[in-house]
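Please look over the sequence and the three-dimensional structure shown below before reading on.

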Amino acid sequence: MSDNFLNSEDESDTTTAMANAAEVMPGLAGYIKSRFEDSENGRRSHEHRWLQAYKNFRGIYDSTTQYRDSERSKVFVRITKTKVLAAYGQIVDILFANKKFPIIVEPTPVPEGIAKFAHMETPLDQIMEQPQQPQDQYGYEGDGMELKPGATSATPLDFLGGMASKFPPDAPIKEGPSLAGEPQLTPAAETARKMEQMIHDQLLDSNAVNVFRHAIFESSLLGTGIVKGPFNFNKKVHKWERDDEGNREYMPYEKSVPRIESVSVWDFHPDPSATSIEDCEYVIQRHRMNRQQLRGLIQRPHFDQVAIEDCLAKGPNYEDKYYEDTIREDETEPYYQENRFEVLEYWGVIDAKFADEVGVELPLGVSELDQVPVNVWVCGTMILRCVLNPFTPSRIPYQVFPFEINPYQMWGVGVAENMEDAQMLMNGHVRMAIDNLALAGNLVFDVDEASLVPGQNMDIFPGKIFRRQSGVTGTAINGLKFPNTAGENIQMYQIARQLADEETGIPSIMHGQTGVTGTGRTAAGLSMLMGSAGLSMKTVIKNIDDYLLKPMGEAYFQWNMQFNETAEDCEGDLEIKPRGVAAVMQKEVRSQRLTALLQTVMNPTLAPFVKIPNLMRELAISQDIDPDSLVNDVNEAQIYAEILKGMQQDAQQGTGGEGGPPSQQPTDMAGSGGVPPQPQGTNSQGLGNGTIGVGATPTAGEAGFTGNPTQFEE
């Protein structure tokens, strides 16, 4: 129950009163109740399949099982349970073995709103740039140059997306790949990686692994798993601070985080005409609540407190369905269920007039003949909550994934249904074998009462004496032994078990079968068998990838873009493509290829042709290592160095000539190459041919030599 979300920023946690509740609510409540009955009738055949699968898993014989009068054994061989748990364990091991959630976020091949590559500006870029005419810095509405909130002018580094905040606006960075080996950035890939880290942190925060395990188990058993969310959930963060006196004080605070939950197929009632969740016009979830849970809805946004109190005053209204006694193993009398309430949660579209009658504020331009997406909670004839769908874009927040695809149906096929016939054959032949052994293992006596003295006790025990009055010795009582046919029945059981392996695609070797012979006795043969067994699971994993992981990743991305105010570094209008287990498997191949390329770079003649900093960064990412923690980003370091160098030069040019007179040459104008060469035509005095020379140093005895004696020296 994690539906604690807000419809908009302006809405608060205060309850909303409905208009004319006693008169108009039964209309909408009756509409939703009729939809619920339609969905319930539409899935009745699937409920019978699920019941049979559950009974095979639990080892329960139902009333449809017919026994002969002579049958004594009612044994049930629970191979279905073993197969279901083997499939569940293998899927969970594949998905969560590497301690990382199997959702990978990558940019599209041609990302929109953000550059795929960016590089440091070089003189070659200045040569290639064409002169452009001056443009109006304000432009016009709709020209694609709109300013973001808080911006005063167009930012030249908008193509960097969230990375633009790392660099000053005048940084020498150009869009596109590097041309001459200069430092290169990947803004789209960096933004996708930040979004991936954020989604993984949110999934870890909401304990998503346990939620997925429950859904995967139900898909293995019944054929379909359902995950609901993400929704806004106010999480309490525990924090301790020190006061002015130095004492620790408990200062918790709440923050909004996304949260998901698993929904059982028994409580999920979709549009009966739909073949997928995208095709559903509506979805109804049936809740079974006690008084405390129903009263707790008052604390959630937009629930009508008066309607909830009226429901509590009227008393429980929950009625058991025909399948609930079996799945809950609850054979109690009906009066034990009177402390439960039935609450229907509706996601879908309704007529605008229904929404207007219950006081929902409709968007502008919506007439009474239109339909609006809403979320409605109903208990009996009372509307507990009715709001517009809070998600943008509007969506039904459920992910339904099949174990195996059932063509033209939303509901999938599970392991238990696949091996239903094999389970029946195994049970029948084992019962026959046991009944036959009961006869063949006991001695049956043929008694000729005419040869015995009348009135004798026929109980058989060691030392028993029968008194005979006539006939040949040994003919009055004869022991009979029935033929043993248990061997043939056990052979049929083994054939049925092999049939179960083929029907489910899960060989017995996967769940610890002993006495393996033939190919499985060698290491190579065992590896081949395990590889073949993994092929059947790849289809199941692909279904989970397409129907669960990808929609869940997109839902988390949409939630962060709509509700997460701290996701500034992930802006850029990216089309996120979560690739679940397929991307995890590709990472191993990518890591091997990058390692092989790194070994190739060890050749000094080939090293100049490879961008080693980018190679090291990609190798760290492929091995699930945070590149920021271990690998220095040489590209960003070089760009920062170029920016600092330009700032130092600007500072020196602005302050270097202030120390001397205007006609004096600044000291920093001299080059670093020493004294320039002497031009032709210069003399020793530095004069000649209109050129300026440096002159020659006077020697002893020449005019100007300071060491010559003067007339003042005596």
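## Aromatic rings and helix packing

Ring pairs link W50, W266, F268, Y322, Y323, Y398 and W411 into a cluster; rings of Phe, Tyr and Trp (its six-membered ring) pair if their centres lie within 6.5 Å, and planes under 30 degrees apart count as stacked, over 60 as edge-to-face and the rest as tilted. The model is predicted, so that local features need pLDDT of at least 70 and side-chain atom pairs count only at pLDDT 80 or more, whereas totals for chains, interfaces and linings use all residues. Residues are numbered from 1 along each chain as its sequence is written, and side-chain values use heavy atoms, with hydrogens and water left out.

The structure holds 19 aromatic pairs, and two of them are set out here.

| Pair | Centre to centre | Angle between planes | Class |
|---|---|---|---|
| F101 and F212 | 5.0 Å | 85 degrees | edge-to-face |
| F268 and W411 | 6.1 Å | 85 degrees | edge-to-face |

Because F101 lies in the loop between α3 (79-96) and β1 (118-120) and F212 in helix α6 (residues 208-222), their pair ties together parts that are 111 residues apart in sequence. Helices (H or I, at least four residues) and strands (E, at least two) are DSSP runs, numbered from the N terminus. F101 is buried at a relative accessible area of 9%, and F212 is buried at 0%, where buried means under 20% relative accessible area, exposed over 50% and partly exposed in between (1.4 Å probe, protein chains only). The pair of F268, in strand β8 (residues 268-270), and W411, in the loop between β13 (398-402) and α11 (415-418), links distant parts of the chain, 143 residues apart, and both residues are buried.

The charged end of R259 sits over the ring of F233, 4.3 Å from its centre, and R395 lies over the face of F391, at 4.3 Å from the ring centre; a charge sits over a ring if NZ of Lys or CZ of Arg is within 6 Å of the ring centre and within 35 degrees of the ring normal.

Helix α2 (residues 44-58) packs against α6 at an angle of about 100 degrees, with the axes 9 Å apart, which makes α2 roughly perpendicular to α6. Axes are lines fitted to C-alpha atoms, for helices over the stretch in contact, and angles run from 0 to 180 degrees between N-to-C directions, with 65 to 115 degrees counting as roughly perpendicular. Here W50, A53, Y54 and F57 in α2 meet F217, L221 and L222 in α6, contact meaning heavy atoms within 4.5 Å.

Conventions. Angles under 35 degrees count as roughly parallel, over 145 as roughly antiparallel, 65 to 115 as roughly perpendicular and the rest as oblique.
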